[in-house]
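Work through the exercises below with the sequence and the model open. Each task is followed by a solution in steps.

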Amino acid sequence: MSGFSGRIALLCDFDDPAAQLLAAELRPADVVPVLDVPEEGFDHLIILSQTLFLLHASKLGGISAKISVVLRRRSAAETHLEWAEGLEIAAQTLVLMTETSVALYALSERAASHTGAAGLAGILLWPQQDSDCPRIDRAVVDVEKSVITLDGVAARSMKIDALNWAALARRAQLTISGGSSEDMRDVLAFSNRASLDRGEEAIPTYVIVVPNGVGLGHLTRMLAIARGLGRSARLIFWCFSRAALVIKQAGYPVFVRQTASHLGIDGEDWRAWETQEFADLLRQCGARKVIYDGSTIDAFITRAIRQPGLDQVDLIWMRRAMWQEGSDASVIEGAQFCDAIVEPGDLAAEADKGPTTHFVPQHRGFSRLVKAGPVTLMQPDDQRTRRAARKHLGLGRGFYCLINLGADHFVDRTILTAQIAEIAAKHQVQLVWAQSPLAAPTPELDQSGTALRQYPLARDYAAFDGVVSAAGYNSFHELMMLYAGPVLFAPTRHARLDDQPARAGYANSRGWADVLDSGSSAAGQFRTLDNFFAEVRNRSGAHTRSSFQSGISEICQVISAPALTGREDD
Amino acid sequence: MLNDNELEITGQVRREIGDLCGKGEFLSAYLRLKQSGLQPDTNPGPWEFLAQRCEEAKLSELAHNLRRRLWEAGIRTGDIALREAERALQSGMPEYAAYFLGEVFGDTPTEGEPRILLASALTESAPDRAHALLRDIEVDEADAALVVLDRMRDIGEFSAAEEKFQIYDARFPEDVRILQRGARIFQSQNNWAAALSIWKRVHEFGDPHRVRALLEMARIEARFERQDRVRALVAEYFLADPPIHEAIDFAFEMGQPNFGMAQLQDAVWFQGKSGRSTAQWSRIATGLIDRGELGIVAWLYQQGVDVGPQVIALIGKAFDEGLIKIAGRTPLAIAARLKGPDILLPLEKFFRFPPVPRNGVRTTGGKVLLVNSTLSAGGAERQLVTLARALIAQGVAPRDLHVALFSCVPDRGHAHFLPALDALGVHIHRIDQRRWPFGQFPENLKVPLALLPTPLRNDAAALWQLVAELRPDAIHGWQDRSALAAGLVGALQGISHIVLSARNMSPPKRGDPRLNQTRGLYLAMAKHANVTMTANSSNGARDYEEWLGLPNGAISVLNNGLDVATLAAPRSMPKVHPTKGKIRIGGVFRFAANKRPDLWMHTLAGLREILGREVQPVLIGTGPYLADILKLRDTLGFDDMEFHQALSEPEEIYSKFDALLLMSRVEGTPNVLLEAQAFGLPVAACDVGGVRDAMLGSGKAHGLLLPADVTALSASETIARWLPKALEAKADARRAFVAQQFSTERLGKSVLDWYGQEAAQ
């Protein structure tokens, strides 16, 4: 926009749609939203309302930046009298500030005319020229219900504050239904006239958010996607997992974060802090996409993306299916914040009774759901041969079984591990106990066998004559697609986890693996283990399981697509 | 007489005590003195010495203990009496202060300090004595002058305080505190022009006094609706970076709540929760509670701001824990929707009301308590006196008629109708002179009442004890503010009959945000079976019904009363010619913005043009727009315009002109219209408030109702068409209209009926 270049401080309420729109409109200038008057470091200071101008007027005298104030018409929260008097007081304040030059702007011709009635002269219109930027969709803003509906399709709707308004306005021509404040009408007029240039970069930056999962599932899937993206983008990890070191070892920059629970602080305080930290990162690295793997999109992500100047950041939600039946489906409403939702395939999808299979969110906004093939970090070519793997692991001759029971946060495995050790010994099978990079030294090490602290494990599966494993997404798919030996699943049952018993049960029904049913009797479990180790001893040869499939390429295409906003046929 | 040995010991102990005090070890010094065996009655020296040192070191409790020992031992020096009196006053025990001073200095101390302290001690219990002590006092120091001024203000002697201020102002011209007191004294006397000029002098002292002066000047200018000046002052005020608690409060006061909230949010989030002390946050929160902004306070608390234990306790009672969390999680603007007193509704549940008394039991006697703010020189106050008179005429014994007034200070202009009311022989209760009765509340009501916004909270607190003592059969609140307090207290104390008399314009129409906030409370009370709500015109009743969402007729009309018989017999009307010669058009109103004096003057100028005859304006009244009117008089060439500022007798007033014109933007039921018609005069007025009800609407003598937003040109054209016929018409119809519709007999009977009482035969 003419007249504005260099570094611009936007003094605003970060949730103000006008601020979000203006920050985009001022691109390519470097726009930073601020909550207070910065003393230095900026060429311009734009104050987004006369109320904020009044609030900070006493500090404007000594600053070097050129000052502009956007005069607003009445908002829904104000009475006409309050607005009119506030404007008059602002006008008087300008009169008193004889030493300070302030340029005045308005968001629409009507706003310029109405605010000018307070005796303010020389109000400029913003934007000064109408844009020819085409909008694909049409969106109706219902202020009273706080909902925006796209193309009249109820499901393609979102809460009024779900998205950054510049991102919204870039995609849709906005109209108002029902009553609204004068200011909201100005915001819409502005949004429909603004060019809101997004700009493109040769090598975009993506920020990958890894939540603090129980195991390594989220982290592993994200590493798999990162690997798939290769050098097409600069990748930065924002990681709450305790296994962040794994990401660093994989060669990616990683910001290690703490959850409110880690810090033992109030959730909202943490969220406010995290929002700002995350927004600062997105702004500094010029991020174009945020890729998040998890079931619930935390508000710190969406709030950060809504900040002025971050409208060019798309949100991709990697959402694994196979949730437990009866899980809280409301979190699926997070769809409205996203540009795309990517569901990595699950070989056991037929057994999935969770809400992702049937729950239709009330609001899904612009998002589209892409179901891809399974995602595993390891590919067939990554696997070591049996000999190389045994050498790598330092295993000698004999029978070896990998025990990978997953996280021990939720269930007491003491009896199970004792049983395994006892029966393996009976069959003269040596045990290798997998230790998660997250885990403290486990009691299993006191039993028998060897501890293996390696990530990823799957590269050396060929070293083993059998595997006893939990049925988390990654272990399950790596074992079912990359491993030929006998597998015994010991699924973990817990409300916070995916439906491991269903997944394991499906594999069992297909003859791909045995299942250790924690609900069965001790004798039944003993029998299952006894049979399994007998099979390990027999080296009974390759099992016929699913052929290797990978959705990584498809997912990477979705992520890398320059425009994620194409219409989805309903 | 001490012997040598005792003298030596005394000297040694004194030295040791001195050394210990020098090292700051006062407690050790005290213990040393106690262990020394030296008794205060026989060796008072070391005790007095240590008491003085402790006082200097601001160890007031220790100093007090030492002085108490001396006093009990019979050592009663002036210094001990003065220090103990000071302490007693600071502790809110003026009677103790009076005792100490009286013991040493007698009833009329001659020296300045004990005299001032004694006057301070007597301020509440014996204001006349306090005034007598202060009246002739000479002071040498500004600090003492301040105390004198403050005590005189406390006892309501504002004229005397003004005289003192003039003296002290000349003697201590550089002391801004004296000036500030002076400005307050003038404000208390409604002498706004003088107050404004003093605040302008305070402004010259620079910050922080400038900030205070700006705030006060803006408030004064706002009274007179001089909006341009208000805005300029407000702008300068906020540019001056005022203290945050004042700035937030002032933003709300100036009708800028969103700006107030923006300041609060900025203070919380940007400047940091820990950037201010608990006392500062508590002050902000208390100010917000006073305004009924309970949701904002809950939000503040939930943000982790340390608002202090008292505020936390109050908020905890107002909201359940879940609601506090919700308030804290929502944006501030949404949390702000939770307001008092609405959050205290339904009243029955929150306050655990006693059962509503059965209505319908009629008696022929019983105590009645009328409640009003003041007896200022206003129409509503005059009507209160008329009502009392009307009730007595209907048989209510003066001994059973009580009138409670929140303030009746003559120097503040609050006692204008006091002689008239006093003459009726009724009981008059000045509840501003009663000790602060908050402690009298039942324990379970203290917190709910503390959550009420001010001034309702203070009004209810002030009224509580009186109602408890009197146990009236009927309580009648007069005008909105008193009606709310009387209604609430009456309901809480189970009074049988409650009458709430609003005037004739609802709070939103009046643009009164604080009263507007009481809609829920009004509505809750209006729905009670033993509560009657009234307004003093049909327009007013409909306006309140609309505001409260009540059905038509839910609010009764209580017409003003005018005792035509008490007015001097109407003189025979001067035979002013309907179309020729000079005609005198009168206006009787306060020269304030809402009376639109400029419109009145321009209308008369237009009328002069159209009628082609001499039109003489006659204005009776006074007010802040006098200078503007005089200027306009010269501009418009009304050389023979008459002004009368001291007329009070109706006959005198209504003999000065031939027709009455009112051009007010805001009106109640204007008594001047009734009185002018009672004297047979033609009347014209804008159709606002209760004007329509107060005007003869048909027949040849009918009044002229002008549109509320009429222009001067249009008004003058309409008046010119109406006036000749109105002057020709017989005056009797006007007199009869007033006598029938606004008789005091009718007023008395209606009200007595609402009290559940029969008129005495």
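Helices (H or I, at least four residues) and strands (E, at least two) are DSSP runs, numbered from the N terminus. The model is predicted, so local features need pLDDT of at least 70 and side-chain atom pairs count only at pLDDT 80 or more, while totals for chains, interfaces and linings use all residues. Residues are numbered from 1 along each chain as its sequence is written, chains are lettered from A and ligands numbered from 1 in the order in which they are written, and side-chain values use heavy atoms, leaving out hydrogens and water.

**Exercise 1.** Describe chain A as a whole.

Solution. Step 1: chain A has 17 helices and 23 strands. Step 2: its C-alpha trace spans about 95 × 45 × 40 Å along the principal axes. Step 3: of the 570 residues in chain A, 58% are buried (under 20% relative accessible area with a 1.4 Å probe, protein chains only; exposed is over 50%, partly exposed in between).

**Exercise 2.** Trace the open sheet of six strands in chain A.

Solution. Step 1: two strands pair if DSSP finds at least two bridges between them. Step 2: the strand order in chain A is β2-β1-β3-β4-β5-β6, with parallel pairing. Step 3: β2 and β6 (124-125) of chain A are the edge strands, each pairing on one side only.

**Exercise 3.** Follow the chain from β1(A) to β2(A).

Solution. Step 1: β1 (residues 7-11) of chain A pairs with β2(A) in the parallel sense over five bridges. Step 2: A:Arg7 has A:Asp30 in β2(A) as its bridge partner. Step 4: four of the five residues of β2(A) (residues 30-34) are buried.

**Exercise 4.** How many salt bridges are there between chain B and chain A?

Solution. Step 1: a salt bridge is a side-chain nitrogen of Lys or Arg within 4 Å of a carboxyl oxygen of Asp or Glu. Step 2: the count between the two chains is two. Step 3: B:Arg231 and A:Glu88 meet in a salt bridge at 3.8 Å, N to O.

Conventions: Right-handed = clockwise from strand over helix to strand, strands pointing away.
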